[in-house]
Amino acid sequence: MNHISQVYPKYPSICLCMNVRRASRAVTQFYDEVLKPSGLSVVQLSLLQHIEVAQQASISNLAKLMRIDRTTLNRNMKPLTDAGLIVIRPGEDSRTRQVMITAAGQATMATAWELWGEAQVSLKEYLGQEELIKLIELSSKLEALVP
């Protein structure tokens, strides 16, 4: 399914950071639109995936794994907790909390992955193989700025 209907050329900023942020926001909005029927955003899908892979992760470890601060992580987890997609339980000591995905979270994530696949295919077709390879290489290079 092709979700991209038009090309909107934008004038690049002289600021490299601004160009990367604008592109990141556009890609995020694109994925969020495709994922809308699942009830998840791409950020929430990523969070659920990290929780599932980690199985029982502490909030601190999960934040480190996702490369986000704890405050952002807590804010992103709240709607997932409210929807019953994750649970947060006391950890091994009173200072830690463990995050786990629920059965409802796994089911919602399965639906979202199907939609995510559609977004992936559309974006790959839009970029083409050569530009896709460049994007992956440049993204990895930029992420390495902060190991």
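Biologist: Is Glu 52 buried, partly exposed or exposed?

Modeller: This is a predicted model, and the answer is read from relative accessible area. Under 20% counts as buried, over 50% as exposed, and what lies in between as partly exposed. Glu 52 has a relative accessible area of 29%, so Glu 52 is partly exposed.

Biologist: Where is Glu 52 placed?

Modeller: Glu 52 is in helix α2, which covers residues 42-54. There is also a pairing in space to look at: from C-alpha to C-alpha, Glu 52 and Met 100 are 7.1 Å apart, while 48 residues separate them in sequence.

Biologist: What does the secondary structure of the protein chain come to?

Modeller: The protein chain has five helices and three strands. In sequence order the pattern is α-α-β-α-α-β-β-α. Along the principal axes, the C-alpha atoms fill a box of roughly 50 × 35 × 20 Å.

Biologist: What percentage of the residues in the protein chain is buried?

Modeller: The protein chain has 147 residues, and 27% of them are buried.

Biologist: How many aromatic pairs does the structure hold, and how do I read one?

Modeller: There are two aromatic pairs. Read a pair from the distance between ring centres and the angle between ring planes; planes over 60 degrees apart count as edge-to-face. For Phe 30 and Tyr 31, the centres are 5.8 Å apart and the planes stand at 85 degrees, so this pair is edge-to-face. Phe 30 is buried, at a relative accessible area of 15%. Tyr 31 is buried too, at 8%.

Biologist: And what is the arrangement of the rings of Trp 113 and Trp 116?

Modeller: The ring centres of Trp 113 and Trp 116 are 4.9 Å apart and the planes are at 85 degrees, so this pair is edge-to-face. Both residues lie in helix α5 (residues 103-143), and they are three residues apart, which is about one turn of the helix. Trp 113 counts as partly exposed because its relative accessibility is 30%. Trp 116, at 28%, also counts as partly exposed.

Biologist: Which residues form the positive surface patch?

Modeller: Lys 10, Arg 21, Arg 22 and Arg 25 form the positive surface patch. Lys 10 is found in the segment before α1, a helix that spans 16-35. The relative accessibility of Lys 10 is 64%, so Lys 10 counts as exposed.

Biologist: Where does Arg 67 lie, and what is its relative accessible area?

Modeller: Arg 67 is in the loop that runs between α3 (59-66) and α4 (70-82). Its relative accessible area is 44%, so Arg 67 is partly exposed.

Definitions and conventions. Residues numbered from 1 in each chain as written. Predicted model: local features only at pLDDT ≥ 70, side-chain atom pairs only at ≥ 80, totals over all residues. Heavy atoms only, no water. Patch = residues over 30% accessible without salt bridge, like charges linked within 9 Å, V, L, I, M, F, W, Y side chains within 5 Å. Areas by Shrake-Rupley, 256 points an atom, 1.4 Å probe, with all protein chains shown as cover. Salt bridge = Lys/Arg side-chain N within 4 Å of Asp/Glu carboxyl O. Lys, Arg positive; Asp, Glu negative; His and termini not counted. Charge placed at Lys NZ, Arg CZ, Asp CG, Glu CD. Helix = DSSP H or I, 4+ residues; strand = E, 2+ residues; numbered from the N terminus. Buried < 20%, exposed > 50% of the residue type's maximum accessible area, 1.4 Å probe, protein only. Phe/Tyr/Trp six-rings, centres within 6.5 Å; stacked < 30°, edge-to-face > 60°.
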